[in-house]
Amino acid sequence: DQFLLERANQIPNVLSSYFKENGGQKPNVVVIVVESLGADLFGINSDGACFTPFLDSLSKHSLLWTNCLSTTPRSFGAVPAITGSVPHGQKGFQFGDIPSHNSLLSILKSDGYSTNAFYAGNFSFDRVYDYLVAQNIDYLSPFYEEYKSTPREERDGTYWGFNDDELFRKSLTEISKRDASKPFVDLYVTITQHEDLELLDKEQEKEFYEIAEKKVRSCNHKDSQTFRTKVGKLASTLYTDASLRRLIQGYADLGLAENTIFVITGDHSLNLHPQNPLDAYHVPLIIWSPLLQKPQHFRSVVSHSDITPSLVSLLENTYGLPKNEKVHWVSDGLDTNVQFNSQVHTYFLRYSREIVDGVFGNYYYTEENGESEISEIRDSMYVSAVTDTERAKQIEAQFRAITFVENEVYKKNLLTSNPIYSLKQYTACFSTKIPNLSCISPQQKPSVAGRTFATIFENHVHTSQKKIKFQLQADMLYTGEVWQDQF
């Protein structure tokens, strides 16, 4: 079998006991990916401060996983992992020749749902556009274009685009125009927490800074010093938290909340405590809905890749979504153990696109500079190094097997034999090597070092497609003299 991840659809329906049936009506799904919402900011920290009062309150009426892991330490991996449970490939799922696949978005669209993405930033950032177009998505918000055309003195936003409250306000206006009888899946990606809080309303901005500073002063010993240097980001966190309250209230005001499942998680952590290697990935996961029969706090370790398998299983087995015979998820779904427990098998794709670590059961595995080691994962996601040569070899074998299989199915387009929407791909050019251009400082540009030209197109592509997207890729080698963000 060439489709190494494809298997019979036997994903357990672990969420059904927490949800009530709703007379055959299809529930809506809203997925909210919150910038930098890590476990270090969510809820009440070890020093008694809470920078997410609304989410903390909401989580007490929700299904809450406090030990969830993102698959990357930066934003680029979040949306594909959360909505697709897909492999990384070598550079991130949407950065290569995207293999044929299915996702929460495409599966629900095929069952009559409208599919929508609301983002205040540029969809080309992290190539999120490429991934969402592959889902045959119905709507991509044009808010970044609006932001760029808005006079600077009237923009309520940052370098990235409109602030979150403005994003949510514009989104709700768009949602109010939709056919209310049609089920929907809405995806939100927030941006305000990228930067220190900056609002057009300076009085409101000052209020959030004062609240953040007051909470920092209430912290004792170790966290107080860390938080003191991050007051601007903490003010952004408080602002986004308040904005999320208004967003969910907005769905309620439109009469849409009662039959909607809300999924809220961070794209990655702010990583205020980098001494713990899992801190960069440690995020909360909240599933809230009026359809819930009871709340539950789960302490088991889960990952972003577990979300879609369990959501789709819930919709198939409880709410009548047509069941696919086969699945290709990289996970079998969420662990609903209320005690601390880790059955996760996942690996991380670093921002540098290196794959050197992962979580395998209750062990964290890493290999750097030719040395590999394992650490035991304990409650609250703390890790402590252990010496167990035999166990380390077993985990190394798992690490190599998983990364090999996922890379093979990705690069050979063997993720699924039955995609809902197929991407047609044509080769229009050939690979070429351009002579080295040496740039030894952030100030030196390729145009200064010298220009090199190459003709790459060799084929004419004739298709019946109305639109063709040309994609040009280049691999760049950097020596470390210039940091990767400065290219």
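A: Here is a walk through the aromatic pairs, then a strand, and finally a cavity. Please keep in mind that this is a predicted model.

Let's begin with the rings. The structure holds 23 aromatic pairs. Take Phe93 and Tyr410: their ring centres are 5.7 Å apart and their planes meet at 75°, so this pair is edge-to-face. Phe93 sits in the loop between H2 and helix H3 (104-110), while Tyr410 belongs to helix H11 (residues 389-411), so the pair ties together parts that are 317 residues apart in sequence. Phe93 has 2% relative accessibility and counts as buried. Tyr410, at 7% relative accessibility, counts as buried too.

Another edge-to-face pair is made by Tyr251 and Phe262, at 5.4 Å centre to centre with 85° between the planes. Here Tyr251 comes from helix H9 (residues 231-253) and Phe262 from strand E9, so the parts being tied together are 11 residues apart in sequence. Tyr251 and Phe262 are both buried. They also belong to one aromatic cluster, whose members are Phe118, Tyr139, Phe168, Phe184, Tyr188, Tyr251, Phe262 and Trp288.

Trp288 leads us on to strand E10 (residues 282-288), where seven of the seven residues are buried. Both faces of E10 are covered: one side carries His282, Pro284, Ile286 and Trp288, and the other carries Val283, Leu285 and Ile287. As for its partners, E10 pairs with strand E3 (residues 63-69) in the antiparallel sense over five bridges, and Leu69 stands opposite His282. Strand E9 (residues 260-266) also runs antiparallel to E10, joined to it by four bridges. In that pairing, Thr265 stands opposite Leu285.

The charged end of Lys170 sits over the ring of Phe162, 4.9 Å from its centre. Likewise, Arg353 lies over the face of Phe95, at 4.7 Å from the ring centre.

By type, the lining of the largest cavity divides into 11 nonpolar, four polar and three charged residues.

Notes:
Residues numbered from 1 in each chain as written. Predicted model: local features only at pLDDT ≥ 70, side-chain atom pairs only at ≥ 80, totals over all residues. Heavy atoms only, no water. Nonpolar A, V, L, I, M, F, W, Y, C, P; charged D, E, K, R; others polar. Buried < 20%, exposed > 50% of the residue type's maximum accessible area, 1.4 Å probe, protein only. Helix = DSSP H or I, 4+ residues; strand = E, 2+ residues; numbered from the N terminus. Pairing = 2+ DSSP bridges. Phe/Tyr/Trp six-rings, centres within 6.5 Å; stacked < 30°, edge-to-face > 60°. Lys NZ or Arg CZ within 6 Å of the ring centre and 35° of its normal.
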